[in-house]
Amino acid sequence: MKNLLFAVSAAFLFIACDKVKMDVKTGKEADSLTSKEWKPVDSATANKAWMDYATPGEMHKMLAKSDGTWTGENTMWMENGGKPMTSTSEANNKIVFNGRYQVGEHKGNFMGMPFEGMSIVGYDNAKKKFVSTWIDNMGTGIMNMEGEWNSSKKSIEFKGKITDPARPGKDCNVREILTFVDDNHHVMEMYGPDSKTGKEYKTMEIKYTRKQ
């Protein structure tokens with residue numbers, strides 16, 4: 001049954017991808033979805049590729065180690081060189097879908113207002129990258145990032161884009177570094193553009209400690 005499920009899923013994916021998609025704005029074929037360089041794949045190869053893609057590995061096990069409840073010491077800067085604002089928060093991480101993703105629920109305060117956020121982090125076996133999404137009650141968009149593992153620093157460097165509500169239709173580049181200090185301590189650093197200059201600066205740092 002498991003192999004049948006993978007085969008059906010793989011077949012659905014390849015059939016869907018094989019259809020040439022059109023860019024709704026230009027009316028032209030979307031570059032990433034054209035069939036010009038499409039190479040046929042037999043069902044056995046497709047099935048194995050899908051099983052490899054769907055099977056949790058060592059990077060997923062590493063994520064699972066950070067399951068549980070964490071307290072956060074937060075420092076934020078509204079502009080480069082600005083006065084730091086401090087607060088506390090709590091995060092609860094839980095692995096879901098049989099070890100494939102980690103969902104984090106975050107609560108705290110931001111400038112005296114209740115703050116809630118949710119993260120979903122995984123490791124994409126095909127891309128060989130960590131993937132992340134973030135939503136919170138301070139906006140209506142979704143932040144998507146991809147990250148590379150740095151074994152020497154024991155950290156993941158995520159890069160992505162986030163909506164800039166002050167500049168409608170424009171996105172901002174953001175960067176996040178998550179460092180696994182040890183099993184009970186993590187540090188998250190967030191970088192984004194200064195509102196006045198557009199140059200990258202450190203916007204936030206959270207020092208996480210596992211709640212005993």
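This section describes the fold, strand pairing, loops and side-chain packing of a predicted model.

The protein contains 3 helices and 10 strands. Along the sequence these elements follow the pattern α-α-α-β-β-β-β-β-β-β-β-β-β. Of the 212 residues in the protein, 32% are buried. Among contacts between residues at least 6 apart in sequence, 34% join residues at least 24 apart.

The 10 strands close into a barrel, in the order β1-β2-β3-β4-β5-β6-β7-β8-β9-β10, and the pairing is antiparallel. On average, neighbouring strands of this sheet are turned by 25° against each other, direction ignored. Strands of a sheet pair through backbone hydrogen bonds, in either the parallel or the antiparallel sense.

Several of these pairings can be described in detail. Strands β4 and β5 run antiparallel and are joined by 8 bridges. Within this pairing, methionine 118 has isoleucine 135 in β5 as its bridge partner. Strand β6, which spans residues 143-150, pairs with strand β7, residues 155-163, in the antiparallel sense over 7 bridges. Here glutamate 148 stands opposite glutamate 157 in β7. Strand β7 is in turn joined by 9 bridges to strand β8, residues 171-182, and these two strands also run antiparallel. Serine 155 stands opposite threonine 179 in β8.

The connections between strands include residues with a positive phi. Most residues other than glycine have a negative phi. Asparagine 98, although not a glycine, has a positive phi of about 55°. This asparagine is placed in the loop between β2 (85-96) and β3 (101-110). With a relative accessible area of 69%, asparagine 98 is exposed, because the cut-off for exposed residues is over 50%. Lysine 128, likewise a residue other than glycine, has a positive phi near 60°. Its position is in the loop between β4 (113-124) and β5 (129-136). Lysine 128 counts as exposed, at 55% relative accessibility. In the hairpin of β6 and β7, where 4 residues lie between the strands, lysine 154 takes a positive phi near 55°.

The loop between β7 and β8 holds aspartate 164. At 10% relative accessibility, aspartate 164 counts as buried, since this class takes in residues under 20% relative accessible area. The side chain of aspartate 164 reaches the backbone nitrogen of alanine 166 at 3.1 Å. When residues up to four places away in sequence are not counted, aspartate 164 touches Lys170, Asp171 and Cys172.

Not counting residues up to four places away in sequence, isoleucine 156 touches Met62, Phe130, Gly147, Glu148, Trp149, Glu176, Ile177, Leu178 and Phe180.

A pair of aromatic rings is described by the distance of the centres and the angle of the planes. The structure holds 5 aromatic pairs. In one of them, the rings of phenylalanine 97 and tyrosine 101 have their centres 6.2 Å apart and their planes at 85°, so the pair is edge-to-face. Phenylalanine 97 is exposed, with a relative accessible area of 62%, whereas tyrosine 101 is partly exposed, at 35%. Phenylalanine 115 and tryptophan 134 form an aromatic pair that is stacked, at 6.3 Å centre to centre and with 15° between the planes. Because phenylalanine 115 lies in strand β4 and tryptophan 134 in strand β5, this pair ties together parts that are 19 residues apart in sequence. The two strands linked by this pair are also joined by 8 bridges.

Conventions. Residues numbered from 1 in each chain as written. Predicted model: local features only at pLDDT ≥ 70, side-chain atom pairs only at ≥ 80, totals over all residues. Heavy atoms only, no water. Pairing = 2+ DSSP bridges. Buried < 20%, exposed > 50% of the residue type's maximum accessible area, 1.4 Å probe, protein only. Axes fitted to C-alpha atoms, helices over the stretch in contact; angles between N-to-C directions. Polar contact = N/O pair within 3.5 Å; in protein donor to acceptor, adjacent residues only side chain to side chain. Contact = heavy atoms within 4.5 Å. Phe/Tyr/Trp six-rings, centres within 6.5 Å; stacked < 30°, edge-to-face > 60°.
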